[in-house]
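Study the sequence and the structure displayed below, then work through the exercises in order.

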Amino acid sequence: MKELAGRLTALDPDAGAAVRVIAYFDRLSESRAGLEALVRGAAVLAGVPARLVDAERRVRVRVEADGTRRDSGTPPDPGWPSAALVPGGAAALWLERAEAAPSVVDAVILERAAGAVRLVLDRTRGRAPVDDPALVETVLDAGAPEAARVHAARRLGLDPGGTARALAPLDGRPLVMTGRVDAETLTGRTGTGRVGVGPEVPVLDLPRSWAQARTALRFTAEGTAQDPGPRVVHADELGGVALLADLVAPGAEAPPDVRALEAAGASTPWLLATLDAVVSTASLRAAAAEINVHHSTLQDRLSHAEHLLGWPLRTPQGRLRLQLALTMRHLTRS
């Protein structure tokens, strides 16, 4: 590629520069570079600031020509050279060049950078979840005729032969999402509340994903001192623990270990968060760091907790019992 670029440069400087741009972004893509690196590459190659704005996925990255990231809340100038992330879509990547018409090299930079950015977004954030309530309800309804679910899927922009997953927010409408789900996407689309995430399944099997998402929601917590635990739970990460949901009905009388936890937590404000750190980290030292206390302080707390609960917490069997009790505490909520 370098030899080709050199030969082309001798014949046509713009053509040689374009080949070098293509090779540059190919290397970034092969190394799985992130969004900021791609926007930085566009800015440095063009010699002007570059800006990525994907409002749907709440992504905003702006990099100066010297490679320094400096985001801006002002809207892009429609007159700047720009490119869409998908054919026919709205402009999302700009070069802040207003003093002259865009060059051939600018066009190549935008085309290659936009393509690389699209791949990163699809890989890391997927498509934005679709949320037309009536259509989503149809694709998630196991009792709806298959033809109706196919029609609803197409109306939602889903490929009936593709895959998707269901999301069950605690305080919101159900959602359907394609692609990989990360914390930033979930926060942007569902707020910061509790969310159960169903497994990725064929689109026509979304009712199963929805059922598992609702089960996963039961394992979530508020993430507070009195309700510690994960705010987002993925059904396909629960494994056999999901079977507990069939054994512990919402609103049912709590098992004895859960009642012991509730009583101990009511009398000792730090207890529940401490015990959650113990079962969710790899070691007691890691648990102490998680709740920002000294290791000796954690040992003292565990001794006090063992006295209140009535079973050891520093043995494998005791930790398992504690983890089950904390999990069942979530499941007994109405």
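The model is predicted, local features need pLDDT of at least 70, side-chain atom pairs count only at pLDDT 80 or more, and totals for chains, interfaces and linings use all residues. Residues are numbered from 1 along each chain as its sequence is written, and side-chain values use heavy atoms, without hydrogens and water.

**Exercise 1.** Determine what percentage of the residues in the protein chain is buried.

Solution. Buried means under 20% relative accessible area, with a 1.4 Å probe and protein chains only. Of the 334 residues in the protein chain, 46% are buried.

**Exercise 2.** Describe how helix H10 packs with helix H14.

Solution. Step 1: helices are DSSP runs (H or I) of at least four residues, numbered from the N terminus. H10 spans residues 256–267 and H14 spans residues 316–331.
Step 1: their axes lie 9 Å apart, at an angle of about 80°. H10 is therefore roughly perpendicular to H14, a term for angles of 65 to 115 degrees.
Step 2: in contact (heavy atoms within 4.5 Å) are Asp257, Val258, Leu261 and Glu262 of H10 with residues of H14 including Arg321 and Leu322. The contact residues comprise six nonpolar, four charged and no polar ones.

**Exercise 3.** Identify which residues have the most contacts inside the largest nonpolar core.

Solution. Step 1: a nonpolar core is a set of buried Ala, Val, Leu, Ile, Met, Phe, Trp, Tyr and Cys residues joined through side-chain atoms within 4.5 Å.
Step 1: the largest has 33 residues, and Phe25 and Leu52 have the most contacts inside it. H4 supplies the largest share of this core, 10 residues.

Notes. Axes fitted to C-alpha atoms, helices over the stretch in contact; angles between N-to-C directions. Helix = DSSP H or I, 4+ residues; strand = E, 2+ residues; numbered from the N terminus. Parallel < 35°, antiparallel > 145°, perpendicular 65-115°, else oblique. Nonpolar A, V, L, I, M, F, W, Y, C, P; charged D, E, K, R; others polar. Buried < 20%, exposed > 50% of the residue type's maximum accessible area, 1.4 Å probe, protein only.
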